[in-house]
Amino acid sequence: MATLIMIILAVGFLFFSIVKSRKKTKESVLIAKKLFLNTFIEVAGVMALVGLVLALLPPDLIKQLLGGESKILSTIYGALIGTVTIMPAFIAFPLSKSLYMSGAHLVTIAAFLTTLTMVGVATYPIELRQFGRKFTLVRNGISFIMALVIALGMGILL
Amino acid sequence: MKKIIKKYKIILIAVVLYAVVFIFKRDIFLTAVSITWDFLLEMLQVLPPVLVITALITVWVPSEIIKRGLGDTSGIKGKLLSLFIGSISAGPIYAAFPAVIVLFKKGASVSNMVIILSSWAVIKVPMILVEINFLGLGFAFTRVALTIPAILIMGFLVEKLVKRENIGEKTRDSVKSVKDIFSRLPNLNCGACNYSDCRSFAEGVFQGEATMKQCVILQKQIQNGGQTIGRETN
């Protein structure tokens, strides 16, 4: 849905651009093409590695770690697993639900969901190249801590 | 040759690992391939529109507008705008990187950049619907209500800890003059100069393999009467 809106927006802007200046549009398309090829090459390899890790790390194992006796320990596991993996939303939410059904605490799931999307060991090399080491380390570090804070807040509120 | 290997390093590692898994664990290989395939499909849908919009912003939107809307003096409005941009955008966080870098180079503040990146990752309007569906209204709303202030705090903290000049630098130990060349580049890593990123291009220029004229974006700025897209020199 959001993707569709983005595509419509992009096409709309592109159309506008063509009407205003053909030359500038050509330039934009050239830049977009180069950006796409570069990002694709970079991300495709990372995605392949993450795919492999997810295949090796069966959902049952994640369930075991996240649904453990100790709430604190499972929450930390949740945050860590979320950190090292990336999952598209269409996998992450159903998995979270089945985790919940099989006994994982909501706090754990909140930590898992937040680090899953916001902190990325897998996307680290990509972020590093674009933003530099210091920014990447600081952003991911603070995001990880904040994910735990959010999880803690959920534990208090829910 | 060395450059090519460096560029495709991760893909090469992946190919080797997949080959090993293919030989020893055929079923895991197939699962991994199908997961990767889903990732790639998602990427093919999300990346082109995001990058087209990014490129159009690069070419069309003057720095002053970005600076006014998202710069250091944009205040609470800038923060809200950043939250809005991040949460309506589609796609995983890596799709946000090139877009956010463009905004930063045009004058968006560090804090707003972090806010866009983080909200792009965790607060997604369409994703929230899926979340409500699977985990319930209470869970989804509490999570978002806690995440928004957390993201604002993150923006504040990162801005305190990381200086503007530190962003976009990959290594510290390179020769000073490469750095000088690099500092003049837009650092969009668009690759139009046939180097993989701006840093390798700067090294190329330093070693005399390339000239500054090969930087398409820099050339464009000169044509536009010296209007800066790249890092501000203040």
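Predicted model: local features only at pLDDT ≥ 70, side-chain atom pairs only at ≥ 80, totals over all residues.
**View 1. The surroundings of B:Cys193.** The closest cysteine sulfur to that of B:Cys193 belongs to B:Cys190, at 6.3 Å. Because a disulfide requires sulfur atoms within 2.5 Å, this separation is too far for a bond. B:Cys193 counts as buried, with a relative accessibility of 11%.

View 2. B:Cys198 is buried, at 10% relative accessible area.

**View 3. The interface between chain B and chain A.** Contact between the two chains involves 88 residues of chain B and 74 residues of chain A. Together the chains bury about 7,600 Å², of which 81% is on carbon and sulfur atoms. B:Phe39, B:Trp60 and B:Phe97 supply 9% of the area that chain B buries against chain A, more than any other three residues.

**View 4. The salt bridge between A:Arg129 and B:Asp197.** The side chains of these residues meet at 3.5 Å, N to O. One salt bridge is counted between chain B and chain A. The count of residue pairs in polar contact between these chains is five, with both residues at pLDDT 80 or more.

**View 5. The side of chain B that touches chain A.** Elements giving two or more residues to this side include helix H2 (9-24), helix H3 (26-60) and helix H9 (137-161) of chain B. H3(B) gives the most, with 26 residues. By class, this side of chain B has 61 nonpolar, 18 polar and nine charged residues.

Note on methods
Residues numbered from 1 in each chain as written. Chains lettered and ligands numbered in written order. Heavy atoms only, no water. Contact = heavy atoms within 4.5 Å. Buried area = accessible area lost by both parts, 1.4 Å probe. Salt bridge = Lys/Arg side-chain N within 4 Å of Asp/Glu carboxyl O. Polar contact = N/O pair within 3.5 Å; in protein donor to acceptor, adjacent residues only side chain to side chain. Helix = DSSP H or I, 4+ residues; strand = E, 2+ residues; numbered from the N terminus. Nonpolar A, V, L, I, M, F, W, Y, C, P; charged D, E, K, R; others polar. Buried < 20%, exposed > 50% of the residue type's maximum accessible area, 1.4 Å probe, protein only.
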